[in-house]
Amino acid sequence: MQTPAKKQDIRKLSLEEIQDFFVSIGEKPFRAKQVYEWLWKKSAKDFDQMTNISLSIRELLKERFEIKHIKVDQMQRSADGTIKNAVKLHDDLIVESVLIPTETRITACISSQVGCSLDCNFCATARLKRMRNLSADEIYDQVVAIKEEGELYFDRPLTNIVYMGMGEPLLNYKNVLESIEKITSPEGLGMSPRRITLSTVGIPKMIKQLADDEVRFNLAVSLHSAIDETRTRMMPINEKSNLAELAESLQYWYSKTKRKLTFEYVVWKNINDDEKHARALAKYCGKVASKVNIIEYNPIDDGEFQQADPASLDMYKRILEEKGIVVNVRRSRGKDIDAACGQLANKS
């Protein structure tokens, strides 16, 4: 008995490759554009949704191709309106993504890897081993799911996307950039790149690559200390790429893009909640065009990392503002469903 040929993932094909397929079966090339629009602009989950394509062609597409669409396996809603999705991938692995609503925004916080390999001591995701990178379409699908939830539950459009979920985006460089290209393309979701922020622990070589690739989205760096000894204790990657190397790559980023970056900075009790650390941060910000988000910590256990007193956050704000640095204190959302910064870990 002949084994059926393995179906091809149609979203791995370019418009030109889909066009070649239609020509090869004697169909008009314009069919490719119809299919491509269904796949990306209309986010079709299966071929039966492609209603302006004849049934016979849809059946043929089903025989030859598949759409490996994600599935929202579980959805949790926080008291503050935040929604966390446990997203099942085609191979049954799970990642998490979050919808964060405010009065003016609907933000999608999305994952780029299953797990993470960077071992940041304060982050729940880091306790999962990195299993694999997400494909561009798996990243794209998370955005679509949150876009649909924003429209369904809040009657509002998606306004912002942050690559701040599970994983390190710069260690999945090709797929992350391809997903952003699809999200911003007129053939895709048509979002402005200025509404997208990529958050990284800071990998100097890859930050320079972003600058050379002339990306138009925003960059955020998880800093958490401007003192090497403290940062290395929390983020082992700092041993490979210290603060001086990071600053040099960020200066390069600004020289090429002319875009200010954001430092994401968590303050912990008895770790970096003193004036010495606040003044070191102010000095570091003087080296590169930047603003600072001071983030309230979300405990993941009863270990060494504990939330700093509100007075410490106020002290940071005062010292940074004295130096003319723009600073925002971010209060966490979705803590009751483990959807806040650093808490994504597939507990279920």
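Predicted model: local features only at pLDDT ≥ 70, side-chain atom pairs only at ≥ 80, totals over all residues.
View 1. Helix α2 covers residues 30-41, and its 12 residues should span 16 Å at 1.5 Å a residue. The end C-alpha atoms of α2 are 16 Å apart, which agrees with that expectation. Buried in α2 are Arg-31, Ala-32, Gln-34, Val-35, Tyr-36, Trp-38, Leu-39 and Trp-40. The cover over these buried residues includes α1 (15-24), α3 (55-64), α4 (136-154) and α5 (173-184).

**View 2. Ile-53 in the loop between α2 and α3.** Ile-53 has a relative accessibility of 2% and therefore counts as buried, the cut-off being under 20%. Not counting residues up to four places away in sequence, Ile-53 touches Gln-34, Val-35, Trp-38 and Arg-58. Ile-53 and Gln-34 are 19 residues apart in sequence, while their C-alpha atoms are 7.8 Å apart in space.

**View 3. The two sides of helix α1.** The residues Ile-18, Phe-21 and Phe-22 of α1 are buried. Around the axis they cover an arc of only 95°, so they lie on the same side of α1. Asp-20 and Ser-24 are exposed on the other side of α1. The packing partners of the buried residues of α1 are α2, α3 and β2 (65-66). Gly-26 follows α1 and has a positive phi, near 80°.

**View 4. The open sheet of 10 strands.** The strand order is β3-β4-β5-β6-β9-β10-β11-β12-β13-β14, and the pairing is mixed. At the edges are β3 (71-77) and β14 (327-330), each of which pairs on one side only. Neighbouring strands of the sheet are turned against each other by 20° on average, direction ignored. Strands β6 (residues 106-109) and β9 (residues 160-163) run parallel and are joined by 3 bridges. Opposite Ala-108 stands Ile-161 in β9.

**View 5. Helix α4 across the sheet, and Ser-97 in strand β5.** Helix α4 lies across β3, β4 (83-88), β5 (94-101), β6 and β9, and runs at about 40° to β5. Ser-97 belongs to strand β5. With a relative accessible area of 1%, Ser-97 is buried. Leaving aside neighbours within four places in sequence, the contacts of Ser-97 are Ile-83, Lys-84, Asn-85, Val-87, Cys-109, Ile-110, Gln-142 and Ile-146.

View 6. Strand β13 (residues 290-295) is mostly covered, with 5 of its 6 residues buried. Strand β12 (residues 261-266) runs parallel to β13, and 6 bridges join the two. Phe-263 stands opposite Val-292 in β13. Together with helix α10 (residues 275-285), strands β12 and β13 make a right-handed β-α-β unit. The pairing of β13 with β14 is also in the parallel sense, over 4 bridges. Val-327 is the bridge partner of Val-292 in β14.

Key:
Residues numbered from 1 in each chain as written. Heavy atoms only, no water. Expected span 1.5 Å × (residues − 1). Buried < 20%, exposed > 50% of the residue type's maximum accessible area, 1.4 Å probe, protein only. Contact = heavy atoms within 4.5 Å. Pairing = 2+ DSSP bridges. Axes fitted to C-alpha atoms, helices over the stretch in contact; angles between N-to-C directions. Arc of directions from axis to C-beta. Right-handed = clockwise from strand over helix to strand, strands pointing away.
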